[in-house]
Amino acid sequence: MSQVAPRVGIVLVSHSVQLAEGAADLAGQVSGGTVRVLAAGGTEDGELGTSAEKVALAVASAESGAGVLVLPDLGSAVLTVRAMLEDMPGARVVLADAPFVEGAVAATVTAAAGADLKAVATAAEEAWHARKL
Amino acid sequence: MPASSESITLTGDLHARPAGALAVAAGRVAASVSVTAGSKTVDAKSVLGVMGLGATRGQVVTVSADGPDAAEAVAALIAIVSEATRVGG
């Protein structure tokens, strides 16, 4: 097959540039690199914080026709994401309540398997129950 | 529904990338698929579950599937485990 169905895109919103980029790198590599995983970390000038503009750009880049799942690292990133979503009516974007690293990896792997946006969001949120030990 | 099962002895540890490759492939099949290592059995479609197995080199891992494409699923996943744990990462 030369045509691959579009995959759900993932946007990782962190207060830290490095945390967002590291989590995106990890999730991308574990899932085999077939999913758009975009990092939206830090403020406009790269300080600790979040940027609605960075999130909006990342969401647009992550969208390939199957919708986008947005994962915030901490509760205060949710405000930025919600404000951004109000400015993007009609966007197929779901904001997930999930642990950041585990949720990013679970969501990206599920997206790589071809799951729809709802299933990808569920995979991220089920990461609350994953035990490491 | 047809069920199928096969075991393999790991030639490397089941690290993050092999676990990811396994879960991506498992997510693409219709059958329900589980992976067992030692006393733990997890849903093969859950990458966090597969990682949580902590399966290491020399350990026997069993892939079991139940559903219309169970036999193909088991064969494909055993091949992935064999290849991915040999490469490592």
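**A guided look at chains A and B**

Visitor: Which strands form a hairpin, and how many residues lie between them?

Guide: The hairpin is formed by β2(B) and β3(B), with two residues between them. In its turn, B:Gly38 has a positive phi of about 60 degrees. Strands here are DSSP runs of E with at least two residues, helices are runs of H or I with at least four, and both are numbered from the N terminus. This is a predicted model, in which local features need pLDDT of at least 70 and side-chain atom pairs count only at pLDDT 80 or more, while totals for chains, interfaces and linings use all residues. Residues are numbered from 1 along each chain as its sequence is written, and chains are lettered from A and ligands numbered from 1 in the order in which they are written.

Visitor: How do you know that β2(B) and β3(B) pair?

Guide: Two strands pair if DSSP finds at least two bridges between them. β2(B) and β3(B), residues 40-43, have four bridges, so they pair, and they do it in the antiparallel sense. One bridge has B:Ala37 as partner of B:Lys40.

Visitor: What else does β2(B) join, and over how many bridges?

Guide: β2(B), residues 32-37, is joined to β4(B), residues 60-66, by six bridges, and the two run antiparallel. Here B:Val35 stands opposite B:Val63.

Visitor: In what order do the strands of the chain A sheet come, and is the pairing parallel or antiparallel?

Guide: The order is β2-β1-β3-β4, in an open sheet with parallel pairing. Its edge strands are β2 (37-41) and β4 (93-95). For example, three bridges join β3(A), residues 68-72, to β4(A), where A:Val70 stands opposite A:Leu95.

Visitor: And what pattern does chain A follow along the sequence?

Guide: Chain A reads β-α-β-α-β-α-β-α-α, which gives five helices and four strands.

Visitor: What makes chain A as compact as a globular protein of that length?

Guide: The radius of gyration, taken over C-alpha atoms, is set against the globule rule: 2.2 Å times the number of residues to the power 0.38. Chain A has 14 Å, close to the 14 Å that the rule gives for 133 residues, so it is as compact as a globular protein of that length.

Visitor: How do you know whether A:Val30 is buried or exposed?

Guide: A residue is buried if 20 or more other C-beta atoms, placed from the backbone, lie within 10 Å of its own; it is exposed if 12 or fewer do, and partly exposed in between. A:Val30 has 26, so this residue of the model counts as buried. A:Val30 lies in helix α1 of chain A. Of the 133 residues of chain A, 49% count as buried.

Visitor: Which residues is A:Val30 in contact with, leaving aside its neighbours within four places in sequence?

Guide: They are A:Val105, A:Val109, B:Ala16, B:Arg17, B:Gly20 and B:Val47; a contact means C-beta atoms, placed from the backbone, within 7 Å. A:Val30 and A:Val109 are 79 residues apart in sequence, yet 7.3 Å apart in space, C-alpha to C-alpha.

Visitor: At what angle do α1(A) and α4(A) pack, and how far apart are their axes?

Guide: The angle is about 35 degrees, and the axes are 8 Å apart. Axes are lines fitted to C-alpha atoms, for helices over the stretch in contact, and angles run from 0 to 180 degrees between N-to-C directions. A:Val30 of α1(A) and A:Val109 of α4(A) are among the residues that make this contact.

Visitor: How many residues does each chain give to the contact between chains A and B?

Guide: Chain A gives 17 residues and chain B gives 12. On the chain A side, the largest share, six residues, comes from α4(A).

Conventions: Contact = placed C-beta atoms within 7 Å.
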